Amino acid sequence: VDLLRRLDPMLGTNGTDGKPLSVTQSSSSVESGAVDSSRRWIRDVALGGDHTVLLSSNRKDVIVFGKGGENQLGLSSKPWVSSPAKSKVLSSASGNISAVCAFRNCSMTLDADGQVMSKA
């Protein structure tokens, strides 16, 4: 959590005054635009078996760290990544990634229809 807060100081807040999100301001109000996301850096987070996948607010950059021995980070020849790094395999030039998913030894990006865009 500390690492995520260093990447996005507004993580877990309503994005305007730094106060924690209330129950009524959960993900549905964030998606509808009720929360100011202009200062947000992290759009989505997924946790795999031993790795983490982050989607940036620009919907292009996918940041990864953790175990990568089965190439689940999309970084070739990296058995372990302790510092967040951009995954070229999972990132998209078009900026249309809607979500990231992570499983035991796999990571994926999804489009708005839930279709797999890329897999590592």
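Asn 71 is found in the loop between β3 and β4 (80-86). Strands here are DSSP runs of E, at least two residues long, and numbering starts from the N terminus. Phi of Asn 71 is near 65°, a positive value in a residue other than glycine. Most residues other than glycine have a negative phi.

This is a predicted model: local features need pLDDT of at least 70, side-chain atom pairs count only at pLDDT 80 or more, and totals for chains, interfaces and linings use all residues. Residues are numbered from 1 along each chain as its sequence is written, and side-chain values use heavy atoms, with hydrogens and water left out.

### Exposure of selected residues

Buried means under 20% relative accessible area, exposed means over 50%, and partly exposed lies in between (1.4 Å probe, protein chains only).

| Residue | Relative accessible area | Class |
|---|---|---|
| Thr 52 | 12% | buried |
| Arg 59 | 24% | partly exposed |
| Asn 71 | 38% | partly exposed |

### Arg 59

Arg 59 sits in the loop between β2 and β3. Its phi is near 65°, again positive in a non-glycine residue. Contact means heavy atoms within 4.5 Å. Leaving aside neighbours within four places in sequence, Arg 59 is in contact with Arg 43, Gly 95, Asn 96, Ile 97 and Ser 98. The C-alpha atoms of Arg 59 and Asn 96 are separated by 5.8 Å, yet the two residues are 37 residues apart along the chain. The side chains of Arg 59 and Ser 98 make a polar contact (3.1 Å). A polar contact is a pair of N or O atoms within 3.5 Å; within protein, one must be able to donate a hydrogen and the other to accept it, and residues adjacent in sequence count only if both atoms are side-chain atoms.

### The sheet

The order β1-β2-β3-β4 describes an open sheet of 4 strands with antiparallel pairing. β1 (42-47) and β4 stand at the edges, each with a single partner strand, so one side of each is left without a neighbour in the sheet. From one strand to the next, the twist averages 10°. Axes are lines fitted to C-alpha atoms, and angles run from 0 to 180 degrees between N-to-C directions.

Two strands pair if DSSP finds at least two bridges between them. β1 and β2 pair over 5 bridges in the antiparallel sense. Ile 42 has Ser 56 as its bridge partner in β2. Thr 52 also lies in strand β2. Not counting residues up to four places away in sequence, Thr 52 touches Val 45, Ala 46, Leu 47, Ile 63, Val 64 and Phe 65.

### The cores

A nonpolar core is a set of buried Ala, Val, Leu, Ile, Met, Phe, Trp, Tyr and Cys residues joined through side-chain atoms within 4.5 Å. The largest has 16 residues, of which Val 53, Val 62, Val 64 and Val 100 touch the most other members. β2 (51-56), β3 (62-67) and β5 (99-103) each supply at least two residues of this core. β3 gives the most, with 4 residues. A second, separate core of 5 residues includes Ala 99, Cys 101, Met 108 and Leu 110.

Beyond four places in sequence, the residues that Val 53 touches include Val 62, Val 64, Val 100 and Ala 102.
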